[in-house]
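Me: Got a structure here I'd like to walk through. Can you take my questions as they come?

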Amino acid sequence: MLSASSLLCAVLFLTGNPCDPVHTLDQVTKSVHNEMAGEHWYAVRFQDRTIGSLRESRANSSSGEYVLNRSLRFSLMRHRVTHVNERIVFSSKFPYPLLEADQETTVTHLGHRSASRRSLPVVATSDTQRSELSYLDSVAFHPRLIANRDRIETRSIDFVNARSSTNVWWVSRTNRNGSNLTLTSDDGSTSHVVSSRGIPSHTHMSGRISMSALDGPLDQPWRDDEYVFETGDISVPVNEVIADHHRLITLTLRLHAEEVTKKLWEPIADRDGYIKIDRRSLDPRNEHHSETTFPRVERPTNSSVTQLIRELEIDRSATYGNVARLVHSLHEQIEYEDIPYSSPVDETLHRKTGDCTEFADIVEAVATVLGWDSRIKTGLAYHSPSQTFRPHAWNEIAIDEHWISADASWGQFPADASHVPFPRENTLALLAQASSMRFEVVDHQYSVD
């Protein structure tokens, strides 16, 4: 790949401009940064429903850095709001090394908050590699940087895998002077309509996800009477019946789907689309991906959660014995019942009924009160009545520096291998494309009773 200076130098040569690599690159990039600076808002839509908003801001700091901030806020179910903040910083002076990239995801659910933090390790070994990192998506879309090319390469931040990745875009122009551009990704999954300032005005992604520029903030970006996760039936068929799936300790599935959908599964699937779940393989803590649960809303000492902890005689140690007692007791005390909307933990414990979401919320509430490290997982799990994989929620508890899966709704600790977690970041897109997916059972292994 060309270095940043060589790349822009070639572009300027094609447009008839002289090329003093360092000086010209500085001047052009400063001009582009100034034109793209400011705050920009977008409405985010999924399946023709407005589900959230995105705010982007770009600015040169007084310390000589160029800062790109993104803030995405969306809601897919009643009483649950997800907020994703990203901050990407690189030097505004040649060779424009990437300095830092951080992401924080906060989920607010029924007044409770949990957060996931990720950072990209900047480990470039040369100035050339660092300069390549600075040509990020949505910064390199300015017509002056694209010039007359029909194909460009940019780099984006992949927070899931803690790395940067190369993106290829094909350029088409809607008028002769090239001020309005359409950029389409090489796999066809994403397209941007870009204004003369280099700011995307419309974005279309696979799975019927889109974004449109707004004049200002969108205070309430979703409708209270319509939520994506509470309408319709989402399931993924499988080629054969999985008998006694509660006893699975390993399960290997092959994903059959379009290449765009397969790409979404890359964090947990191999290049041939094989997904292997092994409940014996423990997920260690990742220093670049930490998850923290914030203190929940204060509860009185006689709350139902505190009472439950006393009844079960669970102490503050996150041990196999304590977690197993919690999981199995909840499974016995609460009857599984599909609930149309998420209900508060106290209400669920009083009603003694709930679905997987309610079970996961109770485990999370208990873990928070006791100070355990925990997180709610979402994904697909085998559903015997329909013989398909359907959306499901469960928990993971940190024990001895490893995450252990726990499914109170099924009374399992650890949870069986039919639990297929969604890759982080891709839940919405995967659910949107569930109808075009199917699984093939390749291999499985049962526990010995």
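Predicted model: local features only at pLDDT ≥ 70, side-chain atom pairs only at ≥ 80, totals over all residues.

Me: Then where does lysine 352 fall: buried, exposed or partly exposed?
Reply: Its relative accessible area is 38%. The cut-offs are 20% and 50%, so lysine 352 is partly exposed.

Me: Where is lysine 352?
Reply: Lysine 352 sits in the loop between H8 and strand E19 (353–354). Its phi is positive, about 65°, although it is not a glycine.

Me: Which loop holds glutamine 387?
Reply: The one between strand E20 (374–383) and E21. Glutamine 387 is not a glycine either, and has a positive phi of about 55°. It counts as partly exposed, at 40% relative accessibility.

Me: And threonine 388, buried or exposed?
Reply: Buried, with a relative accessible area of 12%. Threonine 388 belongs to strand E21 (residues 388–399).

Me: What does threonine 388 contact, leaving aside neighbours within four places in sequence?
Reply: Ser235, Val236, Pro237, Ala381, Tyr382 and His383.

Me: How far is threonine 388 from isoleucine 234, in sequence and in space?
Reply: They are 154 residues apart in sequence. C-alpha to C-alpha, the distance is 9.7 Å.

Me: Switching to helices. Which residues of H6 are buried?
Reply: In helix H6 (residues 304–312), Val305, Leu308, Ile309 and Leu312 are buried.

Me: Why are they on the same side of H6?
Reply: Because they cover an arc of only 100° around the axis. The general rule: an α-helix has 3.6 residues a turn, so residues three or four places apart point the same way.

Me: What covers those buried residues?
Reply: The cover includes helix H7 (320–333), helix H8 (345–351) and helix H9 (356–370).

Me: At what angle do H6 and H9 pack?
Reply: About 80°, with the axes 10 Å apart. That makes H6 roughly perpendicular to H9.

Me: Which residues make the contact?
Reply: From H6, Val305, Leu308 and Ile309. From H9, Ile362, Ala365, Val366, Val369 and Leu370.

Me: How does that contact split by class?
Reply: The contact of H6 with H9 has eight nonpolar residues, no polar ones and no charged ones.

Me: What happens just after H6?
Reply: Glutamate 313 comes there, with a positive phi of about 55°.

Me: OK, strands. How many bridges join E3 to E4?
Reply: 11 bridges. Strand E3 (residues 65–77) and strand E4 (residues 80–91) run antiparallel. Serine 71 stands opposite asparagine 85 in E4.

Me: What's in the hairpin turn of E3 and E4?
Reply: Two residues lie between the strands. Histidine 79 takes a positive phi near 70° in this hairpin.

Me: And how does E4 pair with E5?
Reply: In the antiparallel sense, over 11 bridges, with E5 covering residues 98–109. Glutamate 86 is opposite glutamine 103 in E5.

Me: What's the strand order in the three-strand open sheet?
Reply: E15-E14-E24, with antiparallel pairing. The edge strands are E15 (274–278) and E24 (438–446), and each pairs on one side only. Neighbouring strands of this sheet are turned by 15° against each other on average, direction ignored.

Me: How many bridges pair E14 and E15?
Reply: Five, between E15 and strand E14 (residues 248–256). Leucine 253 stands opposite isoleucine 275 in E15.

Me: Serine 191, buried or exposed?
Reply: Buried, at 19% relative accessibility. The cut-off is under 20%. Serine 191 lies in strand E10 (residues 190–194). Not counting residues up to four places away in sequence, it touches Leu183, Thr184, His202, Thr203 and His204.

Me: Last one. Where is the cis peptide bond?
Reply: Between phenylalanine 413 and proline 414, with omega about -5°. Proline 414 is in the loop between strand E22 (402–406) and strand E23 (419–421). Most peptide bonds are trans.

Technical notes:
Residues numbered from 1 in each chain as written. Heavy atoms only, no water. Pairing = 2+ DSSP bridges. Helix = DSSP H or I, 4+ residues; strand = E, 2+ residues; numbered from the N terminus. Buried < 20%, exposed > 50% of the residue type's maximum accessible area, 1.4 Å probe, protein only. Arc of directions from axis to C-beta. Contact = heavy atoms within 4.5 Å. Axes fitted to C-alpha atoms, helices over the stretch in contact; angles between N-to-C directions. Parallel < 35°, antiparallel > 145°, perpendicular 65-115°, else oblique. Nonpolar A, V, L, I, M, F, W, Y, C, P; charged D, E, K, R; others polar.
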